[in-house]
Amino acid sequence: MKLRGLYAITDSQLLDGGRLLPYVEAALKGGARLLQYRDKSTDASRRLREAEALRELCERFGATLLINDDAELAARLGVGVHLGQTDGSLAAARALLGRQAVVGGTCHASLELAQQAVAEGASYVAFGRFFNSQTKPGAPSASVELLEQARERFPQVPRVAIGGVTLDNAPELIARGADLIAVIHALFAADTPAQVEQRARAFSQLFETR
Ligand SMILES: Cc1ncc(COP(=O)(O)OP(=O)(O)O)c(N)n1
Ligand SMILES: Cc1nc(C(=O)O)sc1CCOP(=O)(O)O
Ligand SMILES: [Mg+2]
């Protein structure tokens, strides 16, 4: 499976009040290739229920679902996982989920962390934050030059750019080597599902000419 395109990430605040499923469906209709379920709550039964519903949606649209932070839930559902530096071992997640699963790792602004993630079997390496992020303003910052360095050093490993990504700044990230652009606010802070679909389509089209 080629990892390239729009990587939509859910947000519990933006997608509360019954918006999770219609807004995610709209993002998938608009062409999102990866979807990350990012929910920081400890409500295990709701998390399981929502993740199962998202898995069904992703299957319908041929997209790949990943769970943020929680390799056990990913294993239970047979989907992928995204882990940050304090979320557990990528190697252990790879062993748990198997060779086919998409296992992604946060590398902040560090090629060394990326090297380690690749050695542990990561499917992609994620760098950021590239711009001001409404969702995670305190995330460590990264420069766009890092993407070119990562492309040179890991040409075979898909590179994700995250943090404040918008329709305006995404073209530069893609030109400099991002294979996937991970977006929360600029995709899901919308008034209607139709608006989400339109934005997702516009993000996805950025990948068509390259
Ligand atoms: C694609 C992608 N990249 C980076 C992150 C950030 O992961 P992490 O550092 O673990 O922070 P939280 O998302 O858990 O707050 C991500 N989730 N997805
Ligand atoms: C979850 C997350 N991780 C980041 C990192 O840099 O590791 S930035 C971020 C938030 C991304 O949301 P938005 O598109 O709204 O900025
Ligand atoms: Mg995390």
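This is a predicted model: local features need pLDDT of at least 70, side-chain atom pairs count only at pLDDT 80 or more; totals for chains, interfaces and linings use all residues.
Tyrosine 37 has its place in strand E2, which spans residues 34-37.

The UniProt record, in an unreviewed entry, assigns the annotation "binding site" to Gln36, Tyr37, Arg38, Asp39, Lys40, Asn68, Thr106 and Lys136. From this set, the lining of the largest pocket takes in Gln36, Arg38, Lys40, Asn68, Thr106 and Lys136. The record also lists Asp69 and Asp87 under "binding site", again from an unreviewed entry. Although these two residues are spread over 19 residues of sequence, they cluster in space, with a largest C-alpha distance of 5.6 Å, and the lining of the largest pocket includes both Asp69 and Asp87.

At the level of the chain, the unreviewed UniProt entry places the feature "domain: Thiamine phosphate synthase/TenI" at residues 6-187.

Which residues come closest to ligand 1? Of the 15 residues that surround this ligand, the closest are Arg38, Lys40, Asp87, Thr106 and Lys136. By class, the shell around ligand 1 holds five nonpolar, five polar and five charged residues. Ligand 1 sits in the largest pocket. Strand E1 (5-9) and strand E7 (159-162) are the elements that give two or more residues to the shell around ligand 1.

Ligand 2 has a shell of 13 residues, of which Ser133, Thr135, Gly164, Ile184 and His185 come nearest. The residues of this shell divide into four nonpolar, six polar and three charged. The space taken by ligand 2 is likewise described as the largest pocket.

| Residue | Protein atom | Ligand atom | Distance |
|---|---|---|---|
| Glutamine 36 | N or O atom in the side chain | nitrogen atom of ligand 1 | 3.0 Å |
| Lysine 40 | polar side-chain atom | oxygen atom of ligand 1 | 2.6 Å |
| Aspartate 87 | polar side-chain atom | oxygen atom of ligand 1 | 2.9 Å |
| Serine 133 | polar side-chain atom | oxygen atom of ligand 2 | 2.6 Å |
| Threonine 135 | polar side-chain atom | oxygen atom of ligand 2 | 2.4 Å |
| Histidine 185 | polar backbone atom | oxygen atom of ligand 2 | 3.0 Å |

For ligand 2, the contact of histidine 185 is made by a polar backbone atom, whereas serine 133 and threonine 135 each contribute a polar side-chain atom. Taken alone, ligand 2 exposes 420 Å², and the protein buries 94% of that area. For ligand 1, the contact of glutamine 36 reaches a nitrogen atom of the ligand, while those of lysine 40 and aspartate 87 reach an oxygen atom. Ligand 1 has 420 Å² of accessible area on its own, of which the protein covers 90%.

Two backbone features remain to be described. Most residues other than glycine have a negative phi, and most peptide bonds are trans. Against that background, aspartate 69, which UniProt lists under "binding site", has a positive phi near 75°. Aspartate 69 is found in the loop between strand E3 (64-68) and helix H3 (71-77).

Where does the cis peptide bond involving arginine 129 occur? The bond joins glycine 128 and arginine 129, and its omega is about 0°. Arginine 129 has its place in the loop between strand E6 (124-128) and helix H6 (145-153).

Key. Residues are numbered from 1 along each chain as its sequence is written. Chains are lettered from A and ligands numbered from 1 in the order in which they are written. Side-chain values use heavy atoms; hydrogens and water are left out. UniProt positions are given in the numbering used here, feature names are shortened, and annotations may be inferred rather than shown by experiment. A residue is near a molecule or strand if one of its heavy atoms lies within 4 Å of it. A polar contact is a pair of N or O atoms within 3.5 Å; within protein, one must be able to donate a hydrogen and the other to accept it, and residues adjacent in sequence count only if both atoms are side-chain atoms. Accessible areas come from the Shrake-Rupley method with a 1.4 Å probe; for residues, only the protein chains shown count as cover. On a 1 Å grid over the protein atoms alone, a cavity is a set of points where a 1.4 Å probe fits but cannot get out, and a pocket is an open set with protein on both sides within 12 Å along at least five of seven lines; lining residues have an atom within 4 Å of a point. A molecule sits in a cavity or pocket if more than half of its atoms lie within 2 Å of its grid points. Ala, Val, Leu, Ile, Met, Phe, Trp, Tyr, Cys and Pro count as nonpolar, Asp, Glu, Lys and Arg as charged, and the others, Gly among them, as polar. Helices (H or I, at least four residues) and strands (E, at least two) are DSSP runs, numbered from the N terminus.
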